[in-house]
Amino acid sequence: MTARHLPAANRRAGERGRPGGPEQLRLQWLSALEVRGVRPFLAQQRAVAAAARGRRLAPRTAPALRGADRSAEARRRSVLEQSFGQLPDPGEAFTGRRPELARIAQWVQAARAGTETRPVVVVLHGEPGVGRTALALRAAHALRDQFRGACLVDLRGGSPGGEAPLSTREALLHLLNRLGAPREQLLFREGASAEQQVRRLGELYHQHLRGLPVAVVLDDAVDAAQIRALVPERSESLVLVTAREPLDLPSDLAARVHLLPVGPMAAAEAEDVVRAAAPRSREGRGPLAGPGPAAVEAAPAAVVEVGGGLPLALRMLAAPGRAGRLPAPDGGHAVERALCAADALLAQPARLLLRRLPLAGRASLGGAAAAALAGVPEEAALRTLEELWEAGLIERVRGQRFRMHDSVRAYAAQRLAADEDPEQVSAAHERLIRTYAQLAGSVIRMVDGKMSTRADHFDGHGFGSLDAALRWLEDESSFITAALRHAEGVDQQAVLDLLGALCDFCLLRGDLYRLGEIDELTRAVGAGRAGQQEHLARSVRWRTGIAARHLGELDKARTTLTSVVDQYLEARQEAGAAMALVSLGITLHHQGNLPEAAARIREALVLQEPPELAGDRAWGLHALAAVERDRGRLGEASALLVRSLALHRESESVHGEAWAHFQLGQVHLRYGDVPRAEEELRLALDRYGRTRDDRGQAWALTQLGRARVVDGDPGTAVERLRAALARHREAEDVRGEAWTLYYLGQALEGCGERDLAVRELERARTMFSRMRDVYGLAHARHHSGRVTRDQRAARTGNLRNSGFARQLLTDARADFRRIGLAHGEGWTCLELAVVDAGNGRLAQALGLCDEAVALFVSYGDRRGEDWARFLRCTLLPYAGRGPGAPDEARAELDRLAAAPHPARDGRLEDCLEAYGVVLGRGVDPAEGWQAWRLGLVPDLRAREVMGVAPAA
């Protein structure tokens with residue numbers, strides 16, 4: 001009604017020459033109350049008023065986010081956008097419950113209209129089978145426009161078989177993961193008592209959701225104190241709690257608490273459920289196909305009476321084949337009566353599978369799990385699952401994935417214990433783990449190739465494509481984790497294979513929450529032989545160290561990987577020790593310790609000499625190539641990458657090929673061969689896409705942006721790098737974000753945006769410093785100092801007052817010297833020489849040029865050597881060496897011009913000619929050094945390309 005009068009109000013206000021006015025404001029007020037509540041309206045009006053004052057008052061900007069914070073915020077936004085899609089659908093057969101849904105919506109709207117920011121907590125309580133969870137899910141979906149994200153947590157309060165309820169700590173971790181919390185909080189879980197961890201996670205949870213409205217479904221709760229810990233503070237969130245009994249929540253809970261009893265359905269609504277469930281049958285579908293919906297229509301009231309108005313029982317009783325066979329409406333609970341009746345009508349394969357489904361845990365499952373449990377082909381297992389779904393005994397999650405209701409699971413577990421031979425049950429359970437170990441291992445082998453962890457296993461995978469295989473493993477990862485919690489007595493080698501494959505997939509997809517969960521699971525498992533348990537723990541800890549590196553926690557990664565290497569060597573497992581050594585070498589490389597990184601990787605390559613470890617050796621070779629490239633040994637790096645790429649192809653490792661192409665692209669960039677570099681990087685991008693490696697794709701995009709910088713196309717580079725920056729932030733890859741900011745600063749400098757360039761380089765410098773990445777910090781300091789110097793010089797017209805820039809360059813030189821990077825130290829010496837020469841310190845500048853020449857010669861960089869000798873020539877006439885200095889400069893300039901070579905910078909040729917003209921006209925030492933003013937100094941591209949000899 002309000003919206004209908006708004007155009008008329010606008011028109012009348014316009015006729016009076018007063019657009020808007022009190023009348024329109026009143027209508028906006030009423031509209032806001034109807035839709036969102038009073039506080040969003042007031043916030044909007046404050047924003048409008050602030051904008052109106054913007055011309056008169058200086059704007060108040062929010063504090064800029066740090067690099068890690070920007071990554072965390074990007075991940076939170078991305079995860080929240082996808083969260084409703086991960087919320088289970090209550091099902092197409094959901095009917096009724098309109099009064100309950102309306103009351104929940106009213107409570108939410110009333111809270112929004114209030115002046116206090118407090119969550120709404122609705123406790124839906126009722127007997128098993130009454131539809132509490134389905135109602136909560138339907139309410140969350142119906143109100144999704146009111147919230148930015150959603151999450152379901154199964155608290156396992158009514159678990160059969162004595163399974164412990166979900167702990168508060170695990171519930172908080174699950175919520176933080178599903179609602180986009182920083183990933184390092186989800187991976188590192190050790191180092192504190194359980195009570196301290198709960199306290200820390202609770203603080204993080206409340207801080208994360210403060211001011212963020214989300215819908216949280218806490219299913220199957222029994223502990224009021226646990227619910228209190230999971231209710232977000234100072235948030236307009238909706239918390240839907242399902243429980244069998246009313247929960248007495250604390251009176252001091254800062255929330256609007258409502259109890260909503262969920263009882264049996266009224267007759268009319270129950271008959272709707274019966275009619276909605278009947279069409280589930282399909283003609284010709286297995287032994288359950290019977291008289292069909294017509295029989296149900298004949299006696300819906302009888303079905304409702306027997307089912308007691310409970311949706312779970314009604315769906316089972318409404319299945320086809322029940323005509324004339326309904327149980328008596330007395331004797332036992334309605335759900336138990338329906339379960340017994342449904343079970344009695346099942347064919348033997350369906351009855352067998354129903355009893356074994358509890359072995360798979362509480363997560364949803366598909367055809368592969370059912371086939372393993374029943375010992376039949378997957379196609380037959382899928383048909384049986386459909387039969388059980390048509391019988392109302394399992395619920396469809398999506399597609400061909402199903403789950404069991406707790407009451408059905410409890411019944412099936414009882415029948416399994418009573419009717420099945422324990423040996424057959426154990427065999428089915430072991431078959432489940434073995435089958436999933438084979439399938440998951442096959443998927444990872446399709447990505448990483450024939451590595452030592454799975455080189456001789458899982459040849460026949462049966463997947464139509466790599467994409468289909470990865471989709472399958474992504475769907476099954478939750479189920480696998482749940483199944484592994486109940487793997488007591490199963491062959492530990494199969495458990496080890498499955499956990500290893502799942503860990504690799506978690507690293508590939510960036511699912512560090514599940515990797516942390518697996519790490520805990522590994523340490524908690526007590527069955528099996530001690531040696532295998534230790535091997536399993538080492539394997540998981542190795543992957544945890546890699547994940548720490550991805551997060552930018554380089555010190556933690558180095559410590560973890562060093563201990564893992566020692567453990568593998570003590571156990572005399574050389575293949576595992578070699579892979580851990582490679583990972584340690586990469587971490588040391590990232591920290592800037594290049595000599596030790598190379599030593600560790602070469603130590604690994606010695607252990608990987610046996611032919612059966614060729615797949616592992618391929619990864620070691622391209623890791624060593626990256627180190628040697630950054631040490632300026634491009635020829636060796638190219639040769640290593642050619643060998644690595646050949647081995648990756650032999651071992652069928654698509655992921656390994658991606659990284660080898662990625663490293664080759666960077667080598668070609670160092671040579672200045674941009675077309676070949678971009679070709680290699682696009683090949684890497686394609687293979688990262690095929691393996692669904694979001695992190696790898698972001699890195700390839702970063703290097704493609706860098707290629708545009710090297711090629712002198714900074715405008716395109718800025719666009720590519722900003723796109724890559726968003727991808728790194730979504731993946732929460734702090735190191736990738738820092739390097740992208742670094743190259744973005746270079747691109748902005750090329751566009752003439754020095755102020756923006758300094759800002760981005762400062763951000764990169766801060767992030768590298770926080771990560772303790774000395775290698776990245778040295779580069780960021782170098783370029784930040786250079787651009788800061790040029791920024792001040794552009795304002796003043798000279799190089800004086802460059803003290804801060806000089807300090808940055810001095811620190812960068814010390815860093816480069818500490819990590820043994822002659823290339824970086826040499827170019828930093830030249831930039832310092834420019835600063836000193838511009839400030840009249842010509843003797844120091846000459847000394848720096850001589851040091852730079854020696855550094856470039858040490859690794860054969862003729863391009864850098866040329867620039868160092870040329871700058872020395874420009875300094876000689878002004879360095880106070882007497883009247884013969886100009887002639888000495890002319891002689892050195894002639895020698896330099898007379899010795900051309902393929903690696904020489906084309907721009908240097910122009911500078912040689914120009915300065916020759918200057919010397920020919922004569923120089924006046926009193927004028928001071930003129931090369932910077934004339935533009936006869938190296939630019940960004942001069943430094944980015946190395947003039948070393950190419951590989952033979």
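Predicted model: local features only at pLDDT ≥ 70, side-chain atom pairs only at ≥ 80, totals over all residues.

Analyst: Residues are numbered from 1 along each chain as its sequence is written, and side-chain values use heavy atoms, with hydrogens and water left out.

The secondary structure of the chain comes to 43 helices and seven strands; helices (H or I, at least four residues) and strands (E, at least two) are DSSP runs, numbered from the N terminus. Of the 952 residues, 57% count as buried, where buried means under 20% relative accessible area, exposed over 50%, and partly exposed in between (1.4 Å probe, protein chains only). Among contacts (heavy atoms within 4.5 Å) between residues at least 6 apart in sequence, 70% join residues at least 24 apart.

Side chains of opposite charge can pair when their charged atoms come close. A salt bridge is taken here as a side-chain nitrogen of Lys or Arg within 4 Å of a carboxyl oxygen of Asp or Glu, and by this rule the count comes to 59.

One of these salt bridges joins arginine 356 and glutamate 420, with an N to O distance of 3.2 Å. The pair links distant parts of the chain, 64 residues apart: arginine 356 belongs to helix α16 (residues 348–356), and glutamate 420 to the loop between α19 (406–419) and α20 (422–448). Both arginine 356 and glutamate 420 are buried.

Arginine 356 also takes part in a helix packing. Two packed helices are described by the angle between their axes and the distance between the axes. The axes of α16 and helix α17 (residues 367–374) come within 9 Å and cross at roughly 105°; axes are lines fitted to C-alpha atoms, for helices over the stretch in contact, and angles run from 0 to 180 degrees between N-to-C directions. Angles under 35 degrees count as roughly parallel, over 145 as roughly antiparallel, 65 to 115 as roughly perpendicular and the rest as oblique; α16 and α17 are therefore roughly perpendicular to each other. On the α16 side the contact is made by Leu352, Leu353 and Arg356, and on the α17 side by Ala370, Leu373 and Ala374.

A second salt bridge pairs arginine 720 with glutamate 678, the closest N and O atoms being 3.5 Å apart. Arginine 720 lies in helix α33 (residues 714–731) and glutamate 678 in helix α31 (residues 674–690), so the pair ties together parts that are 42 residues apart in sequence. Arginine 720 is partly exposed, with a relative accessible area of 26%, whereas glutamate 678 is buried at 9%.

In another salt bridge, the side chains of arginine 735 and aspartate 773 meet at 3.2 Å, N to O. Arginine 735 lies in helix α34 (residues 734–750) and aspartate 773 in the loop between α35 (754–771) and α36 (774–796), so this pair ties together parts that are 38 residues apart in sequence. Arginine 735 and aspartate 773 are both buried. Elsewhere, salt bridges that share partners join Asp343, Arg351, Arg355, Arg415 and Asp419 into one network.

Another arginine, arginine 112, is found in helix α5 (residues 98–113) and is buried, with a relative accessible area of 2%. A polar atom of its side chain lies 2.8 Å from the backbone oxygen of glutamine 146.

Leucine 143 lies in the loop between α6 (132–142) and β2 (149–154), and is buried with a relative accessible area of 11%. Leaving aside neighbours within four places in sequence, leucine 143 is in contact with Ile104, Ala105, Val108 and Leu238. The C-alpha atoms of leucine 143 and alanine 215 are separated by 8.5 Å, although these residues are 72 apart along the chain.

Two further helices show how residues are covered. In helix α7 (residues 168–178), ten of the eleven residues are buried, among them Arg169, Glu170 and His174. Just after α7, glycine 180 takes a positive phi of about 85°.

In α39, the buried residues include Leu842, Leu846, Cys849, Val853 and Phe856. What covers the buried residues of α39 includes α37 (803–819), α38 (822–838) and α40 (862–875).

Technical notes: Polar contact = N/O pair within 3.5 Å; in protein donor to acceptor, adjacent residues only side chain to side chain.
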